[in-house]
Every structure is written in C-alpha cells, then in structure tokens.
Amino acid sequence: MNLILLYESDFISEDKVRLNDYRAQHIQKVHRANIGDQLKIGRMNQLMGSGVVLQSDDKGVVLRTTFDQQPPAPLPLTLILALPRPRMLARSLQHISTLGVKRLILLHSQRVEKSYWMSPEVSPEKIRDNLILGLEQAKDTVLPEVLLETQFKPFVEDRLPEMVTGTRGLVAHPGSPDACPRGLTEETTLAIGPEGGFIPYEVEKLTEAGLQPVHLGERILRVETAVTALLSRLF
Ligand code: SAM
C-alpha cells in the first residue's frame, strides 16, 4: 500500500482522520510509523497529500491531513473486457486501476461462462475492493467507473458505435493482420476477449461497431497479461 486512501467517514474533524481497520494495521505493522512520521495519503476521488501520525495505539491511528496534490493523469481509454473467470477478474481489476483506467465495461461474450456473472467477485463491493487495492498500489485516488453489460449483441449494436465515435477503436485479437499501435495520445476504446477469445462473429460485430482488430505478436497472453501488455504498449 503506497498510499493510504481516506473516505469521508474517516474524518473526525476538518483535518484529522481516525483509522482502525486494515489501513491502521498497515501503518503500524508495515510502515512501522512513529508519532510525527509523514505518510502519503489521498482522499477518495479528490486530492492527494500527506498525513502526520498524531496517535498510534491499540485503538488505531490518528493522522493530521494536508491535501495539495492532484492524482496522476488518467489513461484516455475506455476498456471493454470480456468477463474473465473470478480469480482472474480480481487480479485484472487491480492491474486496471493501477494502470490508470477510469472507464471499464465488463462484457458478456460467447466464451464467457454464464456462472461467472453469479460470482461474488462480480458484486459491486468486491469490484470496488479490488479497484481500491490497485489505487493504493499506484498512488491514485480516482475510482474507475464500471459498467456491467451482460448481453453482447445489444451492447455492441446499440451502445458501442456511439461510444467509439471520436475515439481510436481497437479489439485485441490474436492472428489479426494489423499489429497493435504504440504510444497513442488520443482517446481510445479497446476490447479484450475472454480466455477462449472472441468468436469470429463477435470480432465481426466489434469491427462493424468501429473497433479495428489488432494483434500483439504470435504469443497468446493470459487475459491479465494481455491487459498490462496492451496498456503499456498503447500508452
Ligand atoms: N485462444 C484465444 C484466441 O486465440 O483468441 C486466446 C484468448 S487470450 C487468452 C485472451 C484475450 O487476450 C484475447 O481474446 C485477446 O483480446 C488478448 N490477447 C492475448 N494474446 C493476444 C495476442 N497475441 N494478440 C492480440 N490479443 C491477444
């Protein structure tokens, strides 16, 4: 945890917070912070700054807070991710928020097992928890917006074309003729397939909606590896 993320409910006065959950334990056991030490803090969806340890005991930790720094710039990206199996989803969400994605769409497709949508990992609370782990890792405060699209065709036909308009549209698909571009600065919409890949019909529909199929070379990457490789290469 490189940043202690704070919520409105932590504040006991305008510039003081009391923590008594995993963040207090982390400050005491991992940072081994003493009274007077300064820690990097951030206010959820707001500024970052520093927190001075005023109290640290078995009741928790009290910090005096100062906020004076903007969070890092977001990626100019809407990421569409075919829902991975639950454990892979948890790890992918952490990478996604660590890398600065602020708009994520989890999409159903033919090779996504329907049971994945019932998993506790897809609950709003678990999605949020994993995204927060990524923010704490990266030193960022801005929680990504997440949409769940449980039906492929209505999303791709009715909503995606408008979403792609004015952006660079890409779908990562092994064996595509074109290589994935590098170093983009423009707004981008990127789709990443499920572990079994998008079926040809889905690639066709995504292409019709404005996404260009691109490859990352002949090696087939796991979804979580593809997420990090694609985002690093694109931006
Ligand atoms: N057998 C599947 C196929 O050929 O499409 C492999 C799917 S891969 C495990 C999961 C997703 O990661 C793919 O749908 C794609 O979006 C992305 N991906 C993985 N390796 C890739 C590569 N070499 N080029 C482009 N996309 C890749």
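1. Basis of the values. The model is predicted, so that local features need pLDDT of at least 70 and side-chain atom pairs count only at pLDDT 80 or more, while totals for chains, interfaces and linings use all residues. Residues are numbered from 1 along each chain as its sequence is written, and side-chain values use heavy atoms, with hydrogens and water left out.

2. An open sheet of 7 strands has the order 9-8-7-12-10-13-11, with parallel pairing. Its edge strands, strand 9 (145-149) and strand 11 (178-179), each pair on one side only. Strands (E, at least two residues) and helices (H or I, at least four) are DSSP runs numbered from the N terminus, and two strands pair if DSSP finds at least two bridges between them.

3. Strand 10 (residues 168-172) and strand 12 (residues 188-192) are joined in the parallel sense by 5 bridges. Leu170 has Leu190 of strand 12 opposite.

4. The antiparallel strands. Strand 4 (residues 38-43) pairs with strand 5 (residues 48-57) in the antiparallel sense over 5 bridges, and Gln38 has Val52 of strand 5 as its bridge partner. These two strands form a hairpin with 4 residues between them, and Asn45 in the turn has a positive phi of about 65°. Strand 5 also runs antiparallel to strand 6 (residues 60-69), with 9 bridges joining them.

5. The largest pocket. Its volume is about 350 Å³. A pocket is found on a 1 Å grid over the protein atoms alone, as an open set of points where a 1.4 Å probe fits, with protein on both sides within 12 Å along at least five of seven lines; lining residues have an atom within 4 Å of a point. The volume is the space filled by probe spheres set on the points. Of the 23 lining residues, Ala172, Pro174, Ile220, Leu221 and Ala226 lie nearest the centre. Strand 13 (212-215) and helix 6 (223-234) each supply at least two lining residues, and helix 6 gives the most, with 3. By class, the lining has 13 nonpolar, 6 polar and 4 charged residues, with Gly counted as polar.

6. The ligand. Among the 18 residues around the ligand (a heavy atom within 4 Å), Ala172, Gly193, Leu216, Arg219 and Leu221 come nearest. A backbone N or O atom of Ala172 lies 2.6 Å from a ligand oxygen atom. Polar backbone atoms also lie 2.9 Å from a ligand nitrogen atom in Leu216 and 2.9 Å from a ligand nitrogen atom in Leu221. The protein covers 86% of the 560 Å² of accessible area (Shrake-Rupley method, 1.4 Å probe) that the ligand has on its own.

Conventions
A polar contact is a pair of N or O atoms within 3.5 Å; within protein, one must be able to donate a hydrogen and the other to accept it, and residues adjacent in sequence count only if both atoms are side-chain atoms.
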